[in-house]
Amino acid sequence: MIDKINIRVYALCIKDNKVLALHEEYAGDHLLKLPGGGLEFGESTLECLKREFQEELNLEIEIKEHFYTQDDFLVSRFRDNEQLITIYYLAEILNEEDLLILDPCIEKTEWIPLEGENPFPLPIDKRVFDIAKQKFLN
């Protein structure tokens, strides 16, 4: 039974037709995912995204525009009682030279070429990558 909603906020950071991705272990799974995380009570989606970048990667970002909001029903892959709602923004990293992985679950970062195959296992990240390919490569 679904009894919780989990709002997730992510960034699409694109540079030289590549998108920033994180290699992360979560609940025993190795994931390639876009940077971001869970909205906390009392913060806006933009505050959430800025906090996640600071806490996980020691980075400051400028949020450029809304990119995508999931519009279908999705149950969390990790908690079967949670419905996910995911929101994506285009963002620019302001201090890439200060990148420092602060979250022990993050193994490494990688710039993934938009021209290549879609490497993302999570369904909404996969969808967002495909939309980004269409928008930025055409």
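Predicted model: local features only at pLDDT ≥ 70, side-chain atom pairs only at ≥ 80, totals over all residues.
Me: Why is the contact of glutamate 96 and lysine 15 called a salt bridge?
Reply: The term requires a side-chain nitrogen of Lys or Arg within 4 Å of a carboxyl oxygen of Asp or Glu. Here the N to O distance is 3.0 Å, so the pair qualifies. The structure holds 10 salt bridges.

Me: What makes this pair a link between distant parts of the chain?
Reply: Glutamate 96 sits in the loop between strand 7 and strand 8 (106-113), lysine 15 in strand 2 (residues 14-15), and the two are 81 residues apart. Strands here are DSSP runs of E with at least two residues, and helices are runs of H or I with at least four, numbered from the N terminus.

Me: Why are glutamate 96 and lysine 15 called partly exposed?
Reply: Buried means under 20% relative accessible area, exposed means over 50%, and partly exposed is in between (1.4 Å probe, protein chains only). Glutamate 96 has 31% and lysine 15 has 33%, so both fall in between.

Me: Is arginine 51 buried or exposed, and how do you know?
Reply: Its relative accessible area is 15%, so arginine 51 is buried. Its salt-bridge partner glutamate 40, with closest N and O atoms 3.5 Å apart, is partly exposed at 42%. Glutamate 40 lies in the loop between strand 5 (36-38) and helix 1 (45-57), and arginine 51 lies in helix 1. Both belong to a network of salt bridges that also includes Glu43, Glu52 and Glu55.

Me: What makes Ile2, Phe73 and Val75 a nonpolar patch?
Reply: Patch residues have over 30% relative accessible area and no salt bridge; nonpolar side chains (Val, Leu, Ile, Met, Phe, Trp, Tyr) are joined within 5 Å, and like charges within 9 Å. Valine 75 has 32%, so it passes the area cut-off. The three residues have about 250 Å² of accessible area together, by the Shrake-Rupley method with a 1.4 Å probe, counting only the protein chains shown as cover for residues. Valine 75 lies in the loop between strand 6 (61-69) and strand 7 (82-93).

Me: Why are strand 1 and strand 7 said to pair?
Reply: Pairing needs at least two DSSP bridges between two strands. Strand 1 (residues 4-12) and strand 7 have nine, in the parallel sense, so they pair. Leucine 12 stands opposite leucine 90 in strand 7, and tyrosine 10 has tyrosine 88 as its bridge partner there.

Me: How do you know that strand 1 also pairs with strand 5?
Reply: Three bridges join these antiparallel strands, and tyrosine 10 stands opposite glycine 36 in strand 5.

How values were computed. Residues numbered from 1 in each chain as written. Heavy atoms only, no water.
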